[in-house]
Amino acid sequence: MEHKTLAAFPSDFLWGSASAAYQIEGAYDEDGKGLSVWDNFVRIPGKTFKGTTGDVAVDHYHRYQEDVKLMADMGMKAYRFSIAWTRIFPNGVGEVNEVGVKFYSDLIDDLLAHGIEPVVTIYHWDLPQALQDAYGGWESRQIIPDFVAYAETLFKAYGERVKYWVSLNEQNIFTHMGWQIATHPPGKKDEKLFYQVNHHANLVNAAVINKFHDMGIKGKIGPSFAYTPQYAIDSNPMNVLAAENAEELGAHFWMDMYVYGEYPIVALNYLKEKGVAPVFAEGDAELLKSAKPDFMGLNFYQTATNAWNPIDGGVENKDSYQMNTTGKKGTSKDSGIPGLQKTVQNPFVETTNWDWTIDPVGLRIALRRIASRYRLPVLITENGLGEYDKLEDGQIHDTYRIDFLKKHVVAIREAISDGVDVMGYTTWSYTDLLSWLNGYQKRYGFVYVDQDETMNGSLKRIPKDSYYWYKDVIASNGCDERLLT
């Protein structure tokens, strides 16, 4: 729909940005921190771009006060960051590392002192290696009580100061990449195990949300989902059906569980036919239905377009799938599942150098779909542009990032005008950081960090042009038309 006049952003809108512990902190083995699965996975040859690691990352652990000062100078209202499980429990369970607890406590206090709301992600992929070694981590139901004990420790330590919590970040991504295509830890390809692991993660999410509410913490909690809205390439009913299949198995499969506590009918039936449906233990169904998130976190980067893919002669992921992790445009390949769908190029959208579609209208569509299907407020927990940034006379003129973000801000305002309750917008990312598989050459930040793709540099922070643009957007609460045209 088209509006003659757009609604204003709410007065308490959370304008912010985001990060993740492994991607920014560094200090991977300092002050009692234990090793995570990522600390070990990056040491396997060929797993990351040019063998990059998060050992130092952008050294936020030692420079957080400098980073918070830059946030405050920008006028940021919220900062989303994750806590490294192994800083709190070096072995995943057992004795608490008080030095790690104090680090995040100091960070939270510094943010609040500068008028910035902390948005805490409990889990952003860095599972303690000790739990992976002990029982297979997410492959065992033991992860449920261990994770809840970890989360409860955080709630007790920070619950009076932190109002917004993200339970799990991109469960669909870390399970898919870890157990379906082997590009993330533990590097396995086992479809049945993938669905069981994902089921355990659903149970963890439900149990943690219940623990938060049972403790009576004054705040909100919800999962953060990487949602890629699915389109059909045209109005051919079979292509529309392919898009419906992709939406059902790639989106509803997670978000329905978060909100309703049940897998969608068509998706579960399909998994049963294939013999890969997750096994329910006694009490699983009741636990899953009992948990009610306070919001849906949305990580939005792109949309996907689909066509029909027959069982006989269809495109299959193992034969065609190729992810672009080099930044060489056009090197990714389409993928598909015979009998369900295959991805095809959308002629109506542009793409980044990493072959991600640029589709601001897709963000509006995502917000509307979530609001209509789940009747929950939405917190946009990630959205941003990963690109090459080059210093020119000591500055970074990232007009391409400003153009990307302004179009997405307009899309958010249009969704609000449509009636969607959007709580805030924490872009990805605040500073440049380690992009898991893409190293340091793929930059997302408002703040440039002098760290090249071989992990050499002074780590000096330099605000980009986009930093000053976003500062003005925040100051105007997104209502200065000159900044958005």
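Colleague: Which residues lie nearest the centre of the second largest cavity?

Modeller: Bear in mind that this is a predicted model. Ala21, Tyr22, Glu25, Lys33 and Ala84 lie nearest the centre, out of 13 residues that line the second largest cavity. Two elements, α1 (21-24) and α4 (85-88), each give two or more residues to that lining. The space inside comes to about 70 Å³.

Colleague: How do the residues of that lining divide into nonpolar, polar and charged?

Modeller: The lining of the second largest cavity has 4 nonpolar, 4 polar and 5 charged residues.

Colleague: What lines the largest cavity?

Modeller: Its volume is about 80 Å³. The lining consists of Val37, Trp38, Tyr123, Trp125, Leu127, Gln132, Trp138, Phe174, Trp179, His184 and Pro185. Helices α2 (37-41) and α8 (171-179) are the elements that give two or more residues to this lining. By class, the lining of the largest cavity holds 9 nonpolar residues, 2 polar ones and no charged ones. The count of cavities of 30 Å³ or more is 7.

Colleague: Now the helices. How are α3 and α16 packed?

Modeller: In general, two packed helices are described by the angle between their axes and the distance between the axes. Here, α3 (residues 60-74) and α16 (residues 465-475) pack at about 50°, and their axes are 9 Å apart. Angles from 65 to 115 degrees would count as roughly perpendicular and those under 35 as roughly parallel, so α3 and α16 are oblique to each other.

Colleague: Which residues meet there?

Modeller: From α3, Leu70, Asp73 and Met74 meet Tyr467, Tyr470, Lys471 and Ile474 of α16. The residues of this contact divide into 5 nonpolar, no polar and 2 charged.

Methods
Residues numbered from 1 in each chain as written. Predicted model: local features only at pLDDT ≥ 70, side-chain atom pairs only at ≥ 80, totals over all residues. Heavy atoms only, no water. 1 Å grid on protein atoms, 1.4 Å probe; cavity = no way out; pocket = protein on both sides within 12 Å on 5 of 7 lines; lining within 4 Å. Points joined across faces, edges and corners; volume = space filled by probe spheres on them. Helix = DSSP H or I, 4+ residues; strand = E, 2+ residues; numbered from the N terminus. Nonpolar A, V, L, I, M, F, W, Y, C, P; charged D, E, K, R; others polar. Axes fitted to C-alpha atoms, helices over the stretch in contact; angles between N-to-C directions. Parallel < 35°, antiparallel > 145°, perpendicular 65-115°, else oblique. Contact = heavy atoms within 4.5 Å.
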